[in-house]
Every structure is written in C-alpha cells, then in structure tokens.
Amino acid sequence: MQANAKRNYLTYVHAIIMFVIMFGVGTLPTFGQVTPLGMKILGVFLGTMYGWIFIDLLWPSLIGLVVLGLTEYTTIGEAFASALSTATGIQVIITCLFASALEKIGATEVLSNWILTREPLRKNPWLLIVTLFLTIVIGTVFGAGIALVFMIWSLAIKAAEQCGYSIKDPLIAFIMTGAVIMCFAASCIIPFRGAALMYLSFYIPVGGEIEYAPFIIFSAVYVICLIAAFLFVAKFVMKIDVANFTLPDAEVDRLKSLKATKQQKIGCGIMIAYFVVMMSSAFLPKGWAFTQMVKTMGLLGVTTVALMLLALVKDDDGKQIVRLAACHGSVPWDVVWLICATTPLANAMESAEGGLMATVSAAVTPVLAGMSPTLFLIAVVIVLGVLTQFTHNLVLGAMFIPFLTPILLEMGGNGPLLFMFCLIILNCAYVTPAASMQSAMIHGHELIGRKAAYTWGLITLVASWLILIVIGIPLGNVLW
C-alpha cells in the first residue's frame, strides 16, 4: 500500500510538472528567431513529451492537443481534427484488427506451430529470430511491413509462451522491438516507395536524381549490418537467453499431429492471399487493371477487404468466429493517440510563425560550414540522430535535406551519400516516444516496457552511427 501511495504521489507531482512546462515555457523570453507563439508551442511540445516519459502515453497526448488548441496557432477542434486525420494512426488500427482476427480464427496458431516444428529453426533459436527479422524485411520491401509486424508480435508471444517463457521476458521485448525497427529500416530500401519516396522529394530539387541500383545496395547493406548488430548486442551484451526458444521432441510431435480445422485453413488461405495481393504490384505489369486497383486500394483498402472476408467465416454451428467489435480490444489505443498527437505537434514545431526550426537551422549552419566533406557527413549524422529523437523525423527531413545538400555540394562532397545518411538516421528515431510513429509503437506496448524501449532505441541509434560512419562512408564513395 505504501508503494502504491508513493507511485500515486509521484504521478501527481509529474502531472503538475507537465502542466508547469506546458504553460510556463510560453512566458519565458524568446531567443534566436523564436517568436512568443513559438515559445508557447515549445512549451506544449516539451510538456507533452514529459508526460509521455514519466506518466502515460494516452492522456498526455489528449491534453497536449487541448493545450495546443489554446495557443494562437490553432483551435482545440482543429488540433483534434488534424490528429484524427493521421493516416498512420488509422493504419495501425486496421492492421491490429487484422492481426487479432487472424489469431481468433486460428491462422496465427497454425503458422506458429509450423515455424516452431521446422528442423533447422529448432536446432538454432538464433536462426529462428533471424528468420523472423528477414521475414519482416522482405515483407516490407514488398509493401506488407506494418501488417507483418503485428503478425510477428502475435507469433512471437504465442511461440514464447509455448516454449515456457514469461510474457515479460526480455526475449519477447527484443523480438517485438526488432520487428518494428527492421520494418522501418527496410522501408528505406526501395527508393520509389514509402519513406524513401517522401524524403527524395526533399532532395531531388536541390541534389538531382539518385540512381536506384546503388540506392538499394547501400540501404540493403545497412539493414543487414543492423540485424547483425542487433544479434551481437542481444547475445553478447544483453545476454538474452534464447536456449529454450525451441520445443522438446514430444511437444513437436504433438504439434505435428494436430490437424488444422476448416476454419483455420480458410484463415490461412485469406492470410496468404492477402500477402500475395499486397506484393503483387512489385511483380505484375503496372498497366494491368488489377495492379492499378491494388495500388489505389493500398494497405488500408486491401486489409479492410481481408478483414471482411475473415468476418464472414462461420463455424460448423453457423456462428461467426471473428467478431470485429471484439478485436478492437487488441488495438493499442495509447499508441494510436500518441501517433495521432505527434502530427499536429510536429506541424506546429515546423510552422514558420513559431520560428523554432529557423532557430535550429541558424545554430547549426556555422558549425557545419567550415568542415571537410567527410567530417561534415559525420557531424550531420550525429546531430540529426540526436535531433530526431526530440523532433518528428519528417519535419527534420523537410527542413535539413534541402538545406544541407547545397552546402556539401559546394564543398565538393558526395550528395547522394548525404541523402542516404539523412534518410537512414532520421528513421532511427526510437529513443523517445515522440520521435516517430515507429517509436510510438515500441514505447506504447506494455510487453516491451519503457526500459527495453529506451534501451533498444539507444542501441539502434548508436549502431546506426557506427554502421554509417565505418561502413557507409567508404561504401558510398564507391557507389557514387
């Protein structure tokens, strides 16, 4: 009882501090090009981040939107409208529903049993983990990354429980965190899709086109090195126990003897068809009507149709197996609201009337201007790696890529390499909950926990710094 009372007391103290930051920073003197409005926006951002770190993810997100609406930047209604229009938040909801529906119909169980009974994966648990990560990478390349993340989450939890692990075991947090990080790292491999395409729109007007082949090679080498770094840290530094992440022979024989039910077979068929459809645009001619329809529907449209098909499946008694209303319980609503809240907050931080980004730009320019091209690249990757943990990565990309590229080109530096550095390091935004959507997914899941979220976020950042500086610079100078 005393421990609970102390926790309650600390929560109240943290809440007071959060509100003091939200409303107090706006009363402080301005600095640089920051306007009085910019100080208020900064206060809301810092206060909300404090709440995310020390209190909770859900209600500080809501309060942050309310306080942002009390500034002259926007209204409360407009702040919530901007938050709820975030496409990524909707994607998280729909893909979570899909993963939950697959679990309820038994498709995830069938897949888990099949993987755990494969002989090569049984002999080496680390090979099993690598297989899960590579599945995420390949699926992301072909456009099914987020959906695969939630499926791997369910699969990892179920497999670990079957192997006797507690759901709070560091192994589960490691696999779940790694699934998200490998998904968003792999999203940078294909230059004409997703995050890479958005960041290229910032670079091309000032740096020109980048050839696809070296782009793909550079990104793929980074992802492979990141997986290797993850495994090295998990095995030799964190010393995560994976010895039992396999099943005894008797249990394997039992699982092999299980026959999938008709409903499970239907669920597996829908799951396989879903991923075939999602990946089809990478293989089929772009002129086909089917390919164009899939592209138009996108992740949300295809996943929603798959959900409908799962909801239509009934058992032998004619009862609906998957009730979508029940699946909503699997949606991490605190993560959804965190993702939604970051959009209006990021827009406010980027706004010209606040002057915040202009101040950051003015502070960074003199530091970078007198460096050699190689030192310039190292400084950029370190500075942006730190900044992206506190400011939305897309905001930084929109501002710094067109700003830094001309400076490096004037030095005679490697423009495409600078872009690859920016693209990769800005997507390493995992340390704080506010850093990015992918960071929100990690920090918001109770099975990962805050300690593991901060630890693996920092490991990802440091590993990426080392990979880009030690391997990326010589590789990039060969490719371009």
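In the predicted model, residue Q389 touches M49, C428, A429, Y430, V431, T432, A435 and L461, when residues up to four places away in sequence are not counted. Q389 itself belongs to the loop that runs between α19 (373-387) and α20 (393-410). Because its relative accessibility is 2%, and buried residues are those under 20%, Q389 counts as buried. A polar atom of the Q389 side chain also lies 2.9 Å from the backbone oxygen of G385.

One of the residues touched by Q389 is M49, and helix α2 covers residues 36-54.

A similar check was applied to helix α10, which comprises residues 170-186. Its 17 residues should span 24 Å at 1.5 Å a residue, and this agrees with the 24 Å that separates its end C-alpha atoms. Because 16 of the 17 residues of α10 are buried, this helix too is largely enclosed by the rest of the structure. At the start of α10, a side-chain oxygen of D169 reaches to within 2.9 Å of the backbone nitrogen of L171.

Attention then turns to I424, which lies in helix α21 (residues 415-426). With a relative accessibility of 3%, I424 counts as buried, because the limit for that class is under 20%. Residues up to four places away in sequence again being left out, I424 touches F218, Y222 and L468. I424 and A196 are separated by 228 residues in sequence, yet their C-alpha atoms are 9.2 Å apart in space.

The surface of the model was also examined. There, W288, F290, M293, M297, V305, M308, L309 and L312 form a nonpolar patch, and together these residues have about 730 Å² of accessible area. One of them, M297, is found in helix α15, which extends over residues 289-312. The relative accessibility of M297 is 31%, and because this value falls between the limits of 20% and 50%, M297 counts as partly exposed. In general, an α-helix has 3.6 residues a turn, so residues three or four places apart point the same way.

How values were computed: Residues numbered from 1 in each chain as written. Predicted model: local features only at pLDDT ≥ 70, side-chain atom pairs only at ≥ 80, totals over all residues. Heavy atoms only, no water. Patch = residues over 30% accessible without salt bridge, like charges linked within 9 Å, V, L, I, M, F, W, Y side chains within 5 Å. Areas by Shrake-Rupley, 256 points an atom, 1.4 Å probe, with all protein chains shown as cover. Salt bridge = Lys/Arg side-chain N within 4 Å of Asp/Glu carboxyl O. Helix = DSSP H or I, 4+ residues; strand = E, 2+ residues; numbered from the N terminus. Buried < 20%, exposed > 50% of the residue type's maximum accessible area, 1.4 Å probe, protein only. Polar contact = N/O pair within 3.5 Å; in protein donor to acceptor, adjacent residues only side chain to side chain. Contact = heavy atoms within 4.5 Å. Expected span 1.5 Å × (residues − 1).
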